[in-house]
Amino acid sequence: MIKLGTNDSETVKVATADQLIERRVTVKRKRTEVPLWQKGLLTLEEAAEYTGLGLQKLRELSNDDRCEFVLWNGAKRMFKRRKLEEYLDNQFSI
């Protein structure tokens, strides 16, 4: 810590770079895991785990321009969980 000022009433505390990094790491570790069934959007890997479908099959299904259960974030595809469930519920085979 660096102290600035001439007396205690003017003292300003400034965090060092190491303290800021430590705080950032601590905050990152406190991130809680949300169960897949509670998430609105799933990554490709999460969708595969959630549905039991393979990564390639999910890629194939979501590459269609008419696909209603995929949301593109740049080049990353995210799956709308509820829409994906509805789609699968209405399919006889995929």
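## The largest pocket

Leu61, Asp64, Arg66, Cys67, Glu68, Phe69, Lys83, Glu86 and Tyr87 line the largest pocket of this predicted model. The space inside this pocket comes to about 200 Å³. By residue type, the lining splits into five charged and four nonpolar residues, with no polar ones.

Which element gives the largest share of the lining? That is helix H4 (residues 81-89), with three residues.

## A hairpin of two strands

Let's turn to the strands. Strand E4 (residues 70-73) runs antiparallel to strand E5 (residues 76-80), and four bridges pair them. Val70 has Phe79 in E5 as its bridge partner. Two residues separate E4 from E5 in this hairpin, and Gly74 in the turn takes a positive phi of about 70°.

Two aromatic pairs are found in the structure. In one of them, the ring centres of Phe69 and Phe79 are 6.1 Å apart with the planes at 20°, so this pair counts as stacked. The pair links distant parts of the chain, ten residues apart: Phe69 sits in the loop between helix H3 (55-62) and E4, and Phe79 in strand E5. Phe69 is buried, at 3% relative accessible area, and Phe79 is buried too, at 0%.

Phe69 also pairs with Tyr87, this time in a tilted arrangement with 5.0 Å from centre to centre and 45° between the planes. Because Phe69 belongs to the loop between H3 and E4 and Tyr87 to helix H4, this pair ties together parts 18 residues apart in sequence. Tyr87 is partly exposed, with a relative accessible area of 26%.

Terms used: Residues are numbered from 1 along each chain as its sequence is written. This is a predicted model: local features need pLDDT of at least 70, side-chain atom pairs count only at pLDDT 80 or more; totals for chains, interfaces and linings use all residues. Side-chain values use heavy atoms; hydrogens and water are left out. On a 1 Å grid over the protein atoms alone, a cavity is a set of points where a 1.4 Å probe fits but cannot get out, and a pocket is an open set with protein on both sides within 12 Å along at least five of seven lines; lining residues have an atom within 4 Å of a point. Grid points are joined across faces, edges and corners, and a volume is the space filled by probe spheres set on the points. Ala, Val, Leu, Ile, Met, Phe, Trp, Tyr, Cys and Pro count as nonpolar, Asp, Glu, Lys and Arg as charged, and the others, Gly among them, as polar. Two strands pair if DSSP finds at least two bridges between them. Rings of Phe, Tyr and Trp (its six-membered ring) pair if their centres lie within 6.5 Å; planes under 30 degrees apart count as stacked, over 60 as edge-to-face and the rest as tilted. Buried means under 20% relative accessible area, exposed over 50%, partly exposed in between (1.4 Å probe, protein chains only).
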